[in-house]
Amino acid sequence: MSIAKPQLINIANLPNTIISIRLITRNELPQLLSLYQHLNPADAPLPDEHILQSMWDEIINDPRLFYIVGDNAGKLVSTCNLAIVPNLTRGARSYGIIENVVTHTDYRKQGLGTQVLRYALNIAWQQKCYKVMLLTSSKREETLRFYEQAGFKRGVKTGFIALPPEKS
C-alpha cells in the first residue's frame, strides 16, 4: 500500500457506504477534534485557536507523524495516529507508536478501527520499523481482543506510564 493512496472499504451493515482510509489533510483539524470527543469526552480544554493551529501545522508537516482517518463522504469517523521514532538499536531501525485510536460511536463494530490500524501498520513497515507499540487504558477483554485481531500481541512486553506530579 502506498502511503498516499487511500484504501476504500465497504461497510456490511451500512449498504452503499464506502469509507476511505487515508492520511488526514491540514484542513480537517476541526473534524479530528470533534472525533476525539468520542475518545475522551471530558478531556482537558484545548489551548487558544492560534496556538492549536500552530501545533497542528507542526504535526502535519512532520514526516514522522501520521494521522490516519476513516472518511465517510467527507465526515471523519475513525482515526489513529502513528509516530515513527528513530533508533540506534535493532540495526538502527525505527519503531512506531500508535495512539488515540477512536471510532465515532455510530460507526463502531464495522471494522473501521481495524482498518485504520492496519493502514498505520503498513506505513510503519514501509518506514522499516522493527516494531510498533500501542498502549490502551482499557481493561475490557473485548477491547484487548480487538487490538489482537488488528495484529498486536499481548504480553510481549510490559508497559509502564509515568505521569507528571500533581500540582499542590
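I shall discuss a helix pair and then the nonpolar cores.

This is a predicted model, in which local features need pLDDT of at least 70 and side-chain atom pairs count only at pLDDT 80 or more, while totals for chains, interfaces and linings use all residues. Residues are numbered from 1 along each chain as its sequence is written, and side-chain values use heavy atoms, with hydrogens and water left out.

Consider helix H3, residues 112-126, and helix H4, residues 141-149, whose axes come within 9 Å and cross at roughly 45°. Axes are lines fitted to C-alpha atoms, for helices over the stretch in contact, with angles running from 0 to 180 degrees between N-to-C directions. Helices are DSSP runs of H or I with at least four residues, and strands are runs of E with at least two, numbered from the N terminus. Gly113, Thr114, Leu117 and Arg118 of H3 meet Phe146, Tyr147 and Gln149 of H4, where contact means heavy atoms within 4.5 Å.

Which residues touch the most other members of the largest nonpolar core? They are Ile68, Cys80, Leu82, Ile98, Leu117 and Phe152, out of 27 residues. Such a core is a set of buried Ala, Val, Leu, Ile, Met, Phe, Trp, Tyr and Cys residues joined through side-chain atoms within 4.5 Å; buried means under 20% relative accessible area with a 1.4 Å probe, protein chains only. Strands S2 (18-23), S3 (65-72), S4 (75-85), S5 (95-103) and S6 (132-134), together with H3, each give two or more residues to this core. H3 supplies the largest share, eight residues.

A second, separate core has eleven residues, including Ile24, Leu52, Val69 and Val102.

Definitions and conventions:
Buried means under 20% relative accessible area, exposed over 50%, partly exposed in between (1.4 Å probe, protein chains only).
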